[in-house]
Every structure is written in C-alpha cells, then in structure tokens.
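Subject: Structure handover

Hi,

My notes on what was found follow below it.

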Amino acid sequence: MWSVLAHLSLALAAQDQSPQAPSTSWRTLRFDYVHCGTANAEQIAPTGFRIEGEWPGSRTQLVEPYDTGKYRLRVHDKQTGQLLWSRGFCSIYGEWETTGAAKEGWGAFEESQRFPEPARPARLVLDKRAANGAFTELWSGEVDPSSRFVDRSALPRAGEVLTLRDEGPAATQVDLLVVAEGYTQAERAKFAADAQRLTGILLATEPFQRHAQRFNVRGLFVPAAESGLSNPRKGVWRDSAFGAAFNSFDSDRYVLTYRDRVLREAAAQAPYDALIVLCNERKYGGGGIYNLWATATSDSEAAPYVFVHEFGHSFAGLADEYYSSQVAYEAFQPKGVEPWEANATALLDPAKLKWRDLIDPQTPLPTPWDQAAYDAVDLAYQAKRAQAIAAQASEERQEELMRDIKAQTAPLLAKEPQRGKVGAFEGAMYEAKGLYRPEVDCIMFSRNPSSFCRVCERALERTIALYTR
Ligand SMILES: [Zn+2]
C-alpha cells in the first residue's frame with residue numbers, strides 16, 4: 001500500500017459523492033513507476049502522477065472486455081469500489097524476468113500507465129498473471145487526483161508534432177504517434193517521408209485497410225544530436241533523443257529504449273493511443289511490447305515487415321508464431337497453461353480452442369504440416385545467421401541470407417495441403433512442440449507473407465474497436 005497518498009486521500013472523504021458526478025475529467029492521468037525485481041522478487045515502486053492532455057482513447061470502452069496481457073491495471077473508485085478502468089499490458093520488465101539475467105541480480109525498468117483522470121480518489125491495482133494463467137494482485141496503491149502529488153505543470157515543448165493523417169476526433173479514432181529516433185535536424189524531411197511510407201504500408205494491410213478511416217497518424221519530430229542508433233555489438237554509440245538501441249537483452253536486432261519517462265513526457269504533446277518509435281537506421285531491427293510501444297528501423301530491406309509485425313505485438317498483444325529464431329527468453333510460456341495471446345494455443349482441449357469458430361469441421365486438430373522439412377531449412381539458416389552476427393557481417397550479407405531463407409521456405413509452405421486453412425499447426429511462441437499457431441503461415445510467423453492470418457486479423461479488429469467506439 002502506498003501510505004503517503006493513502007492518508008492524503010482521507011481529507012477528501014467529505015466531498016460530493018452524488019451518483020451524477022462525472023467519474024472522470026476526461027484528461028489523461030499518467031502513473032509513473034519503476035518495475036523492479038529478480039527471478040524471485042518483484043516490486044512496483046511508484047515515482048509520480050502526471051496530468052497529460054485530453055484523454056485520446058474511447059470514452060465508452062473503459063473496462064477491457066478481454067483477458068489479455070501478462071499484467072493488468074485496474075482503477076477503482078476508492079469509496080464505491082466501482083471498476084473505472086482496466087487494461088492488460090506487457091512490459092520490458094516482464095520480458096527481462098524470463099532471461100537468465102534475472103537469476104543473477106536485480107533489474108529495474110521505468111514504466112507508465114495512462115488512464116482517464118478519475119474525478120475522485122481511486123485505488124489502483126496492478127495484477128500479474130500467475131503460473132496457472134490467472135491474474136493475481138501484485139501491487140495496489142491510491143491516488144487522490146486533487147492532491148498536490150499529481151503534477152499539473154505545463155507539458156514540455158520539445159520538437160514538433162506533424163499531422164500526417166487526420167480522419168477525425170481522437171476519442172473515436174485510433175491515434176498513432178510515430179516518434180522520430182536518430183534523425184538529426186537535417187533529416188526532418190526524411191523522417192516525415194519514412195513515417196508516411198511505413199504507416200502507409202501498415203494501413204494498406206488488412207484488417208487495417210478496411211478500417212483506415214478510423215486511423216489518425218501524427219509524427220513527433222525531436223531532432224537527435226547524431227544520426228542513427230547505438231549498436232553496442234559494433235561499438236557504435238549515438239546520442240539520440242530517446243536512447244533506443246540495438247542489442248537489447250544482448251539480442252543483435254532487438255531495439256528497445258529504457259528511457260520511458262523521457263519518451264512519455266515528449267509524447268504527451270500529441271494525443272496518442274499507440275506509439276511507434278521509428279529509428280533512422282539501415283540495419284534490420286525492432287521490437288514490440290503489448291500496450292507499451294513498437295520500435296522499427298527505417299531503411300532495412302525488411303522494414304515494412306518489421307513495422308507491421310512489431311505493431312501486431314504492441315497494438316493487439318499478438319504472440320510471435322515463430323519458434324526457432326534466437327531469443328533470450330527461457331521458459332517464456334509455462335507448460336500445460338493456455339497462453340492468453342489470441343493467436344497461440346497449447347491445444348489443451350481442442351473442443352474449446354479459442355478460434356474454433358474459424359475452423360472447418362473437416363480440418364484435423366492438431367493440423368498436420370511438414371515441420372521436419374521446414375525445420376531442416378530453418379536450422380541451417382539459423383546457423384548461418386549466428387555466424388554472420390559473430391563475424392559482424394554487413395547488412396547486405398544478412399539481407400542476402402534472409403532472401404535465401406524466404407526463397408527456400410516460401411515454396412515449402414506454399415505446397416502444404418492445409419495452407420490457407422485455419423487449424424492448429426504445431427510450433428509457435430519460441431517452442432517447436434506443445435504450442436500451436438492458427439495458420440501454416442502469417443506475418444507473425446515468417447517474413448514470407450505480408451498479411452496476418454485470420455485469427456490475428458480478428459484480434460487486431462477487436463482492438464481497433466476498443467479505441468473507436
Ligand atoms: Zn497469425
């Protein structure tokens with residue numbers, strides 16, 4: 001319990017409690033904290049509350065109707081207990097704790113949650129999914145919005161907000177904010193062009209294309225002192241605005257930033273539902289964490305794929321459907337537990353499969369595919385890729401390898417008898433066995449298609465609805 005704010009809220013006990021009182025000011029309240037721990041301990045250390053601008057999200061979809069995320073924030077009216085807001089999310093901490101580093105010592109990561117400012121004192125509860133898949137309370141605290149502990153100072157003016165696509169009011173649109181990272185002042189026009197190009201590709205991909213009129217796109221241009229990103233594996237260090245860098249969790253292409261506070265303060269200048277940090281780089285890379293943000297580099301050959309794939313993670317919490325690529329996670333998904341992600345299943349009970357309604361009755365479960373042939377090709381590629389990374393091979397050489405694996409796996413998957421069918425194909429979420437994906441191929445599985453499978457499409461569509469109703 002957060003005692004400082006808990007006792008302050010007592011002073012408000014006598015205020016107007018009439019049921020007609022609005023439950024929110026429709027301003028955005030940001031809750032900042034540090035999420036820290038080891039493999040055996042986990043703590044939430046609050047650092048402050050901040051008023052941003054007008055609430056950009058839906059004014060009717062305040063309580064999440066789905067069961068998503070490794071974590072979940074609930075906001076309750078303190079007096080009545082009424083649930084005012086809930087959202088599932090994932091976090092850098094939540095990934096870090098599954099790496100070997102968590103067994104060796106503590107890690108600490110800045111995090112934020114944003115929700116409509118409650119009109120009265122509220123109780124915040126942060127839940128974490130337990131090993132059995134059910135949410136349990138990790139932390140709770142209180143906030144009195146009228147207290148002196150809520151920062152109401154003017155938002156910083158850093159850089160420039162560019163309107164790239166304006167289709168309607170923030171409350172009923174999905175508001176994307178593309179944040180420039182690693183672009184110098186001289187590269188402002190390049191940022192605007194890169195943001196237009198890549199969001200254009202995203203909005204030309206289904207299901208976004210059929211809902212494109214429900215998307216606003218803005219860019220936040222904060223010039224960097226130097227062009228490009230830090231790449232520690234090559235000894236390259238750059239002074240960029242938000243500190244995004246390659247080699248997160250010692251994974252060559254994984255791009256994250258640990259400067260949440262700096263990023264949130266800058267982003268608060270524009271209304272946004274979803275953040276994409278667009279990194280000015282030739283090298284392949286990106287990352288996407290559910291209800292946090294996505295990162296993607298601008299100029300690799302596969303930039304369109306990375307941009308759309310990572311947005312699938314950050315926007316709708318889609319799982320990686322691939323399983324052999326090198327990742328730093330150990331035991332990402334507990335055995336025998338159904339993943340919460342919409343597009344992966346442990347197939348514990350085929351009759352209750354969450355995408356059962358999309359499967360033809362004739363399609364067998366699990367759905368057969370030639371996994372051995374695919375794995376043979378993929379393993380050979382992974383070995384070459386590891387060699388190329390170790391040898392610090394050029395980006396062109398690595399792209400050659402990617403074209404090669406595509407040329408080999410695309411025909412293999414194309415001749416699968418169950419291709420195009422929704423079923424349950426073994427191999428998903430970093431596991432070759434025991435976890436299943438909905439179609440034989442999908443942009444969450446490989447770089448071959450430029451489209452999502454039908455199960456991913458449905459999850460994305462229901463997420464769009466959460467912002468536009
Ligand atoms: Zn999919």
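The chain divides into domain 1 (23-151), domain 2 (160-317) and domain 3 (354-441). Those bounds come from an automatic or database domain assignment. Between domain 1 and domain 3, the C-alpha centres are 36 Å apart.

Two ground rules. Residues are numbered from 1 along each chain as its sequence is written. The model is predicted, so local features need pLDDT of at least 70, side-chain atom pairs count only at pLDDT 80 or more, and totals for chains, interfaces and linings use all residues.

Confidence

Mean pLDDT (the predictor's confidence in each residue, from 0 to 100) is 93 for the chain. A value of 70 or more is reached by 94% of the residues. Residues 1-19 have pLDDT below 50. That stretch has 26 contacts in the model beyond near neighbours in sequence. A contact here is two residues whose C-beta atoms, placed from the backbone, lie within 7 Å.

Helices (H or I, at least four residues) and strands (E, at least two) are DSSP runs, numbered from the N terminus. Strands pair if DSSP finds at least two bridges between them.

An open sheet of six strands runs in the order β9-β11-β10-β12-β14-β13, and its pairing is mixed. The edges are β9 (160-165) and β13 (286-289). Each has a single partner strand, so one side of each lacks a neighbour in the sheet. From one strand to the next, the twist averages 20°.

β12 (residues 274-279) and β14 (residues 293-297) are parallel, joined by four bridges. I276 has A294 in β14 as its bridge partner. Helix α5 (residues 303-316) packs on this sheet and touches β12, β13 and β14. The direction of α5 makes about 170° with that of β14. For such angles, axes are lines fitted to C-alpha atoms, for helices over the stretch in contact, and values run from 0 to 180 degrees between N-to-C directions.

Core

A nonpolar core is a set of buried Ala, Val, Leu, Ile, Met, Phe, Trp, Tyr and Cys residues joined through C-beta atoms within 7 Å. Buried means 20 or more other C-beta atoms within 10 Å of a residue's own; exposed means 12 or fewer; partly exposed lies in between; C-beta atoms are placed from the backbone.

The largest core has 104 residues. V179, A267, I276 and L278 touch the most other members. Helix α5 gives the most to this core, with eight residues. Leaving aside residues up to four places away in sequence, V179 touches L220, F242, A267, L275, I276, V277 and L278.

A second open sheet to look at has four strands, ordered β5-β1-β2-β8, with mixed pairing. β5 (107-118) and β8 (150-151) are the edge strands. Each has a single partner strand, so one side of each is left without a neighbour in the sheet. β1 and β5 run antiparallel, joined by eleven bridges. H35 is bridged to F109 in β5. Helix α4 (residues 260-267) packs on the sheet, touching β1 and β5. Its direction makes about 30° with that of β5.

β6 (residues 122-129) and β7 (residues 135-143) pair antiparallel over eight bridges. L124 has G141 in β7 as its bridge partner. The two strands form a hairpin with five residues between them. In the turn, G133 has a positive phi of about 95°.

Backbone points to check

- E206 and P207 are joined by a cis peptide bond, with omega about 10°. P207 is in the loop between α3 (188-202) and β11 (215-221).
- L365 and P366 are also joined by a cis peptide bond, with omega about -10°. P366 is in the loop between α5 and α6 (371-390).
- W26, not a glycine, has a positive phi near 60°. W26 is in strand β1 (residues 24-37). It counts as partly exposed because it has 14 C-beta neighbours inside 10 Å.
- Y430, not a glycine, has a positive phi of about 70°. Y430 is in the loop between β15 (425-428) and β16 (431-437). It is buried, with 20 other C-beta atoms within 10 Å.

Regards
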